[in-house]
Amino acid sequence: MKNLQAGIQHYTRTWGGITLIAILLLLAPLFLSDFRLSLLGKFLTFAIAAMGMVLIWGFGGMLSLGQGLFFGLGAYALAMYLKLETAQGRLPDFMVWTGLTELPWFWTPFQSPVFAIAMVFIIPTVVAAALGFFVFRSRIQGVYFSIITQALTLLVSTLLIGQQPFTGGTNGLTNLTSIFGYSLASQQTKDVLYMVTVICLIAVYIFCRKLTNSRFGRLLIAMRDDESRVRFLGYNPVVIKTITFAIAAAITGLAGALYVPQVGIISPSTLGVVSLHRNGHLGAVGGRGTLVGAIIGALLVNWGRSTFSEKFPDIWSYFLGALFIAVVLLFPQGIVGTLQTAVTRLRDKLRKSNTTMLDTVASPEASQVD
């Protein structure tokens, strides 16, 4: 019986939060309108991206301002397939408008859905691995690493805008109407996309949880706390950082791919620092070092942004700013991090109180009778 109780307590501490969130998300179609469900699906893609941010920042100590780049690369990879599917064998509309007469060679493989889905993961991973290797090998870290990732994001965004005949320019890839033969306007398709997003969210959480609790995860945390000592012990921080950065990029690319069919458009502005780095702060709101906090932060911030913009269209940004300020001042560890600290302190006090009571009862002085 004690073993069963201990097992239940362990499961509750380890998986209780994500289990509750998963149940609520799976039941959401029963009590949310179609519009709110669509918004929630989009917010969940940001939650997936936020978990990638927490992985590299919260556990690895690498603050990247360029996660929007990987989000956009994953989104563009799937959007290219969706655009070709919408064109139904013809040239995409923006290529016709700019004078192209045949499909560019690098667009041709994206006619295959398998290739497009593979590129959702491969392109962000390769870009992140290449960037990370050269940056980390040079021992660039801190604010300099953040600036480099931000600059690369702005560079790629400018490149996409300048290559209008091949990328759609400022407008990006628009008028995406179907996915794998199913209409994106159909509510049934939207419901399926929402459920796929929930499943991917849970899968990413389990993967990140297993990774951070593994030997590699302990090395990652040790490197965050004292990189010099990790290097002295014989480990190579360049490899650890590069692998982590590449994994986070693949997760963020998946988030971008899930975002595209639910929104129906992808443009260079999505890569911008304001666009996704706003969602990079979600890890700080929920809790920098907690994966559940990334999910809660994503839902809270985006729900607040949507609600405030609907009710206060002229001043909604002030409310959102006040939310961030309140979190920084009142919950410096994030909402979930603060709750975890409070629960730990309460548990320690109760344990200490019980120990003191037992010591008092068992002491010889307590057992003497006058």
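**Helix packing and cores in a predicted model**

Helices α5 and α6 are roughly antiparallel to each other, a class that takes angles over 145 degrees, while those under 35 degrees count as roughly parallel, 65 to 115 as roughly perpendicular and the rest as oblique. The structure is a predicted model, in which local features need pLDDT of at least 70 and side-chain atom pairs count only at pLDDT 80 or more, whereas totals for chains, interfaces and linings use all residues. Residues are numbered from 1 along each chain as its sequence is written, and side-chain values use heavy atoms, with hydrogens and water left out.

Helix α5 covers residues 113-137 and helix α6 residues 143-162; the two pack at an angle of about 150 degrees, with 11 Å between their axes (lines fitted to C-alpha atoms, for helices over the stretch in contact, with angles from 0 to 180 degrees between N-to-C directions). On the α5 side, Leu-131, Val-135 and Phe-136 make the contact, and on the α6 side Phe-145, Ile-148, Thr-149 and Leu-152 do; contact here means heavy atoms within 4.5 Å. In the loop between these two helices sits Arg-139. Its phi is near 60 degrees, a positive value in a residue other than glycine, and Arg-139 is exposed, with a relative accessible area of 55%.

Stepping back to the whole protein chain, the secondary structure comes to 17 helices and 2 strands, taken as DSSP runs (H or I of at least four residues for helices, E of at least two for strands) numbered from the N terminus. Of the 370 residues, 45% are buried, that is, under 20% relative accessible area, with exposed meaning over 50% and partly exposed the range in between (1.4 Å probe, protein chains only). Among contacts between residues at least 6 apart in sequence, 77% join residues at least 24 apart.

The largest nonpolar core holds 43 residues, and Leu-25, Ile-48, Met-51, Tyr-194, Leu-201, Tyr-205 and Ile-295 have the most contacts inside it. Such a core is a set of buried Ala, Val, Leu, Ile, Met, Phe, Trp, Tyr and Cys residues joined through side-chain atoms within 4.5 Å. Two or more residues each come from α1 (2-31), α2 (34-59), α8 (187-213), α9 (215-225), α11 (237-263) and α14 (291-311). Helix α2 gives the most, with 12 residues. Leaving out residues up to four places away in sequence, Ile-295 touches Ile-18, Ile-21, Ala-47, Met-51, Leu-201 and Tyr-205. Apart from this core lies another, of 41 residues, among them Leu-173, Leu-176, Ile-179 and Val-238.

The axes of α9 and α11, by contrast, come within 10 Å and cross at roughly 110 degrees. That makes α9 roughly perpendicular to α11, in a crossing that is left-handed. Phe-216, Leu-219, Leu-220 and Met-223 of α9 make the contact with Pro-237, Ile-240, Lys-241, Ile-243 and Thr-244 of α11.

Loop residues complete the picture. Leu-173 lies in the loop between α7 (164-167) and β1 (178-179) and is buried, with a relative accessible area of 1%. Beyond its neighbours within four places in sequence, Leu-173 contacts Tyr-76, Ala-79, Met-80, Phe-94, Trp-107, Thr-167, Gly-264, Ile-265 and Ile-266. The C-alpha atoms of Leu-173 and Leu-82 are separated by 9.2 Å, although the two residues are 91 apart along the chain. Phe-180, in the loop between β1 and β2 (182-183), has a phi near 55 degrees, a positive value in a residue other than glycine. At 41% relative accessibility, Phe-180 counts as partly exposed.

Notes. Left-handed = near helix turned anticlockwise from the far one by under 90°.
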